[in-house]
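Take a look at the fold shown here. We will walk through it step by step, beginning with a pair of strands.

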Amino acid sequence: MPEMPEVEGLASYLATNLVGRTVASAQLAAFSALKTFEVPLSALQGLDITAVERRGKFLAVGVDGLWLAFHLARAGWLTWHDPVPATPVRPSKGPLALRIVAEGV
């Protein structure tokens, strides 16, 4: 699969830069990005990021026993901002679906 090296590289980058940090907030901009109701996004706040793994074409971020999994899909992307933009997340037709803010390290 041609996308596998990119997904593996992204998993490695995220593991280096996220593991050991704490989730400060999780903000949903597109309801379609959420595939569960069992654990609310607010449950992630204050938990430590413990792992980042590639599972096939999916990336999985371990957060104290919970898993946040995502697929970049067709033309999907992930953007890293340091510092995090100050603008609040709002539902719109833009590309932003979910913002996770991590602090620490």
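Predicted model: local features only at pLDDT ≥ 70, side-chain atom pairs only at ≥ 80, totals over all residues.

Strands β2 and β3 (residues 58-63) pair in the antiparallel sense, over six bridges. Two strands count as paired if DSSP finds at least two bridges between them. Strands (E, at least two residues) and helices (H or I, at least four) are DSSP runs, numbered from the N terminus.

Residues are numbered from 1 along each chain as its sequence is written, and side-chain values use heavy atoms, with hydrogens and water left out.

Now move on to β4. Six bridges join β3 to β4, and these two run antiparallel. Here Phe 58 stands opposite His 71 in β4. The two strands form a hairpin with two residues between them. Asp 64 sits in that loop between β3 and β4. Asp 64 is not a glycine, yet its phi is positive, about 45 degrees. Most residues other than glycine have a negative phi, and most peptide bonds are trans.

Put together, three strands form an open, antiparallel sheet in the order β2-β3-β4. Its edge strands are β2 (49-55) and β4 (66-71), and each pairs on one side only. The twist averages 20 degrees from one strand to the next.

What lies across β2, β3 and β4? Helix α1 (residues 4-18) does, running at about 175 degrees to β2. Contact here means heavy atoms within 4.5 Å. Axes are lines fitted to C-alpha atoms, for helices over the stretch in contact, and angles run from 0 to 180 degrees between N-to-C directions.

A cis peptide bond joins Asp 82 and Pro 83, with omega about 10 degrees.

On a 1 Å grid over the protein atoms alone, a pocket is an open set of points where a 1.4 Å probe fits, with protein on both sides within 12 Å along at least five of seven lines; lining residues have an atom within 4 Å of a point. The lining has 40 residues, and Phe 70, Leu 78, Leu 98, Arg 99 and Ile 100 lie nearest the centre. Strand β4 gives the largest share of this lining, six residues.
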